[in-house]
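Welcome! Let us take a friendly look at the rings and cores of this protein.

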Amino acid sequence: MIKQNRKASILVALTVFCAVLFRVLGKTTPYHMLFGIMRTMAYIGLYIGWGISVSKRVIQEQVRHYLVSVSGLMVFWFVIRSIKYFFIADTGTARQLWYWYYLPMLFIPLFSAFLAISLGEPGNFRLSKKTLLLYIPTVLCLLLVLTNDLHQLVFTFPAGEEWSDKNYGYTFGYYIVIGWEIVCALAAFVIMLFKCRLSQRKKNLPFLLLTCSIVYAFIYASGAEWIHLIGGDITAAQCLMFTGILESCIQCGLIQTNTGYKSLFEAGSIGAQIVDTDYRTRYASSNAPELTADMMRAAERNAIMLDNNTLLRSSKINGGHVLWQEDVADITALLERLEENRKTIAESNYLEQENYKTKVKINTVREKNRLYDRLQAQTAHQIELLDRLLAQYEAEADPEIRRSLLAKAAVIGAYIKRRGNLMFIGERSDVTDTAELSACLDESFANLELMGAECAVDIPEKNSIYIRDAIRVYDFFEAVTEAAMDDIRFVWLKARSLADAVIFYLQAESKTELSALSGLADTCTCEEGVWRFSLRIGKAGEKA
């Protein structure tokens, strides 16, 4: 870092020396324009190079933006100065270019104040609207200068003589403009001092240069000839001093940069190093281990163990890799204790795990038995009826009767199966869909058709009902079916969905007396052997 600064300082000194030499040669030889242009190009190259340098060094976006803007204003200042002196012969045009000197003279201190306010702020920081109001007096001062020919409130010219920058005087407007420049410059430096955390001794250089700049401006404005001979024109001197002030602020830490990595790594004890793409170490901390290229490549894929207590990690960065070591001694010891505890717990809990598995199996069997006992209790009548039908089937020799008995047994078996399904669903939830009830009835109707009965069912789906109501409807259907099983001719069941309820209509043609079932339904009628029943159940969450 020190070596790079030394090289940059030598290059800047040579550039300034060449510029001064070109000035002297331009004054003492006939080639005034040639050496003047060469001097201008030297300064322009210096400020362009400085602008590029700060754009790479400065971290904070706002600060970098204003520093580059200052560099651009200096280049602009030299360009219009050179055009005025070497390419413009008309006095009026030259005077207007001279007025434009005050664009960089006003905005360089203003931008310096803005960058001072931005120091130490986060990357997404933006100046407040109140701060941006400082543009207003700056622009007004610039307009005051640019319109001087109309009012002569900044510069005055003798009556009857040609107006030029060689024969003029100052009025109060000039001191307002210069005063605003000084206020912005001092404010910028004071804010930088306030925000800086370094020692007071390191801040002397920018303060000294700022003082020299202000003193030079006042002496130059007084018209002293000797200052022209020693310091040259105000453009060259002020640009050089402003650049020196800002660069000294960077060097002493008033403006933070992202340089000094080597010193940072050497002072640190983080066990890290930065290598290039060829795995050559560029920066390394004091305790960074010696690593081979093979170890670095291996760390790129996965973290590797340097020893029992040290882990090496790697991450790709622009231009190479960063490698760092982690002390995992505490983690290793903790893992060892955890492993010992795991084995102890595994041994002590093995029996409990086996007991738990046994309890789970026992509870599972108990739950199954409970559900089967409950189903058996709720379908005991149908199970007994099924046993009688199967016994009659075994004893019967007539094929037709055997077929009829088997069809009846199928109807009873379908009910037991589907009734169990509804009960199991009820163990998980109190609510079901009419589609589940419709599936139960479809299977029962399919077996009824084996008995020669005509069947039809029409139940709208996507209606939520309670499991207890679904069981009620299915049990009622089964009761009607069992009572009229010997001579049932057709069964028709239709459901109609209302806003808060579902009404089921059941019709069955049978000569059997079914009036005993009227207590299970909401309505019961019989006409010419056709029994009509209705059941009204509420939708889930509603009252019927």
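## Charges over rings

R402 sits over the face of Y393, 4.1 Å from the ring centre. Likewise, R468 lies over the face of Y466, at 4.3 Å from the ring centre. A charge counts as over a ring if NZ of Lys or CZ of Arg is within 6 Å of the ring centre and within 35 degrees of the ring normal.

This is a predicted model, where local features need pLDDT of at least 70, side-chain atom pairs count only at pLDDT 80 or more, and totals for chains, interfaces and linings use all residues. Residues are numbered from 1 along each chain as its sequence is written, and side-chain values use heavy atoms, leaving out hydrogens and water.

## Aromatic pairs

The structure holds 27 aromatic pairs. Rings of Phe, Tyr and Trp (its six-membered ring) pair if their centres lie within 6.5 Å; planes under 30 degrees apart are stacked, over 60 edge-to-face and the rest tilted. F476 and F533 have ring centres 5.2 Å apart and planes at 75°, so they are edge-to-face.

One aromatic cluster is formed by W98, Y99, Y102, F155, Y168, Y170, Y174 and Y175.

## Nonpolar cores

A nonpolar core is a set of buried (under 20% relative accessible area, 1.4 Å probe, protein chains only) Ala, Val, Leu, Ile, Met, Phe, Trp, Tyr and Cys residues joined through side-chain atoms within 4.5 Å. The largest has 63 residues, and L67, Y102, F155 and I255 have the most contacts inside it. A second, separate core of 45 residues includes L386, F445, C455 and A495.

Technical notes:
Buried means under 20% relative accessible area, exposed over 50%, partly exposed in between (1.4 Å probe, protein chains only).
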